[in-house]
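Biologist: Please put the model on the screen. I would like to go through it by question and answer.

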Amino acid sequence: MSQAAGANVPQKSIDPKLFTWPSNKPRLLGSKCNNCGTTSFPAQASCPRCCSEDVETCELGTRGKLWSFTIQGFLPKSPPYAGTETMETFKPFGVGYVEMPGQVRVVGRINVSSPEELAIGMDMELIFEPFRTDEDGTEIISYAFRPVA
Ligand SMILES: [Zn+2]
């Protein structure tokens, strides 16, 4: 008997500090400075703009605009890359900065493989997907972006 993909597969966040997980509405976690209003991602212990330590965790929105991008056309060096692809199974993927409301730019994977599918300024939405599967079958979940259909 085979299981449907995604059914009852254990899942784990790649980093619990990056986003709320598990959740019906997962959100990226940033930090907002109570002194100058600067939002940071990932969350910081102090403000990168004014150095205040009066910062609090905040949830970011789920849509933004593509600010810059490239296509990763070859297997990144591992480590630091934590994917489990090989030269044979690797597929190109996008990497870009998405400007989220609140003026924070989030760097992340983009789930397209061709630069023709992307354009600076286009609307992007946040998605959560398995980044890799551990040896025990646990799916490691990370965030990514895709163009808004
Ligand atoms: Zn500040």
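Biologist: Which residues touch the most other members of the largest nonpolar core?

Modeller: This is a predicted model, in which local features need pLDDT of at least 70, side-chain atom pairs count only at pLDDT 80 or more, and totals for chains, interfaces and linings use all residues. Residues are numbered from 1 along each chain as its sequence is written. A nonpolar core is a set of buried Ala, Val, Leu, Ile, Met, Phe, Trp, Tyr and Cys residues joined through C-beta atoms within 7 Å. A residue is buried if 20 or more other C-beta atoms, placed from the backbone, lie within 10 Å of its own, exposed if 12 or fewer, and partly exposed in between. The largest core has 15 residues, and those that touch the most other members are Leu28, Val98 and Val106.

Biologist: Which elements give two or more residues to this core?

Modeller: Strands are DSSP runs of E with at least two residues, and helices are runs of H or I with at least four, numbered from the N terminus. The chain has 0 helices and 9 strands. The contributors of two or more core residues are strand E6 (93-100), strand E7 (104-110), strand E8 (123-133) and strand E9 (139-147).

Biologist: Why does the core lie between the domains?

Modeller: The domain bounds come from an automatic or database domain assignment. Because residues of the core come from both sides, the core lies between domain 1 (15-60) and domain 2 (62-149).

Biologist: How many residues does each domain put into the contact?

Modeller: The centres of the two domains, taken over C-alpha atoms, are 20 Å apart. Residues are in contact if their C-beta atoms, placed from the backbone, lie within 7 Å. The counts are 10 residues from domain 1 and 9 residues from domain 2.

Biologist: How do the residues on the domain 1 side divide by type, and what is the count of charged ones?

Modeller: Ala, Val, Leu, Ile, Met, Phe, Trp, Tyr, Cys and Pro count as nonpolar, Asp, Glu, Lys and Arg as charged, and the others, Gly among them, as polar. The side of domain 1 that touches domain 2 has 7 nonpolar, 3 polar and no charged residues.

Biologist: Which face of E6 holds Val98, the covered or the uncovered one?

Modeller: In a regular strand the side chains alternate between the two faces of the sheet. The uncovered face of E6 has Phe93, Val95, Tyr97 and Glu99. Val98 sits with Gly94, Gly96 and Met100 on the face that is covered.

Biologist: Which residue stands opposite Tyr97 in E7?

Modeller: Two strands pair if DSSP finds at least two bridges between them. E6 and E7 run antiparallel and are joined by 7 bridges. They form a hairpin with 3 residues between them, and Gly102 in the turn has a positive phi of about 105°. The residue opposite Tyr97 is Val107.

Biologist: Is Ile14 buried, exposed or partly exposed?

Modeller: Ile14 lies in the loop between strand E1 (11-13) and E2. Leaving aside neighbours within four places in sequence, Ile14 is in contact with Phe131, Ile140, Ile141 and Ser142. Because Ile14 has 16 C-beta neighbours inside 10 Å, its class is partly exposed.

Definitions and conventions. Two residues are in contact if their C-beta atoms, placed from the backbone, lie within 7 Å.
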